Amino acid sequence: IIYDIGEARFLTSDNGFDIYFKRKCRLKILSEAGLEYAEIEVPLYHNAIESEYIVDFKATCHNMENKQIIITETEKRDLFEEKINNNWIRKKIALSGAKEGSVIDFEYTVSSPFVFNFHDWEFQHEIPVVYSEYNSYMIPFYSYSYIIIGTNKLDDYQKLEKKGISNNFRGI
């Protein structure tokens, strides 16, 4: 994985707040065994009333053929749905044209009305990750805790409060 960048932020909605989670990733398929990474999966949570959904999705596969770069694009409409259990589905796609030497770019944004379902982040995967970054922007009404597994600290942790912004929301 060349880079894997994530961002989560709370945005106001008709029901209070929604979490928007965005992920951008670039990877290179180095061997035939790496073709499994050309299958992109996006898990989505739902209950009887509300559900998470993909706002944006885009994936491209870059291949060098006859000294030219051939780009194969995949759009949101190409995703298919797989049921995991009563509360989870998975949108997924296997990128066409992926082979040894392919470079794959994908990005997606998920909107979630479930403020308890803050997305986890893995800085390393089963294969090496050259660069990984995760930014989260929280709302000021709550106190937050984070749990780190596998290391003692983050390379960069900043807490920033924007002064002069009202902390009032719907009378709270």
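Asn 47 is partly exposed, at 32% relative accessibility; buried means under 20% relative accessible area, exposed over 50%, and partly exposed in between, with a 1.4 Å probe and protein chains only. The model is predicted, so local features need pLDDT of at least 70 and side-chain atom pairs count only at pLDDT 80 or more, whereas totals for chains, interfaces and linings use all residues. Residues are numbered from 1 along each chain as its sequence is written, and side-chain values use heavy atoms, with hydrogens and water left out.

Asn 47 lies in the loop between β3 and β4; strands (E, at least two residues) and helices (H or I, at least four residues) are DSSP runs, numbered from the N terminus. The side chain of Asn 47 reaches two backbone nitrogens, that of Ile 49 at 2.8 Å and that of Glu 50 at 2.7 Å. Such a polar contact is a pair of N or O atoms within 3.5 Å; within protein, one must be able to donate a hydrogen and the other to accept it, and residues adjacent in sequence count only if both atoms are side-chain atoms. Leaving aside neighbours within four places in sequence, Asn 47 is in contact (heavy atoms within 4.5 Å) with Asn 87 and Phe 114. Asn 47 and Phe 114 are 67 residues apart in sequence, and their C-alpha atoms are 9.8 Å apart.

## Overall fold

The chain has 9 strands and 0 helices. Of its 172 residues, 30% count as buried. Among contacts between residues at least 6 apart in sequence, 69% join residues at least 24 apart.

An open sheet is formed by 6 strands in the order β5-β4-β8-β2-β1-β9, with mixed pairing; two strands pair if DSSP finds at least two bridges between them. β5 (68-75) and β9 (131-137) each have a single partner strand and stand at the edges, so one side of each is left without a neighbour in the sheet. From one strand to the next, the twist averages 10 degrees; axes are lines fitted to C-alpha atoms, for helices over the stretch in contact, and angles run from 0 to 180 degrees between N-to-C directions.

## Core and cysteines

The largest nonpolar core has 24 residues, of which Leu 27, Ile 40, Ile 54, Phe 57, Ile 104, Phe 106 and Tyr 108 touch the most other members. Such a core is a set of buried Ala, Val, Leu, Ile, Met, Phe, Trp, Tyr and Cys residues joined through side-chain atoms within 4.5 Å. Two or more residues come from each of β2 (16-28), β3 (39-45), β4 (53-65), β7 (88-94) and β8 (103-112). Not counting residues up to four places away in sequence, Tyr 108 touches Phe 21, Lys 22, Arg 23, Val 42, Asp 56 and Phe 57.

β2 and β8 pair in the antiparallel sense over 10 bridges, and Cys 25 has Phe 106 in β8 as its bridge partner. Cys 25 is buried, with a relative accessible area of 1%, and Cys 61 is buried at 0%. The structure holds 0 disulfides (pairs of cysteine sulfur atoms within 2.5 Å).

## The loop between β4 and β5

Most residues other than glycine have a negative phi. Asn 66, in the loop between β4 and β5, has a positive phi of about 50 degrees and is exposed, with a relative accessible area of 75%. Lys 67 is found in the loop between β4 and β5; its phi is positive, near 65 degrees, and Lys 67 is exposed at 82%.
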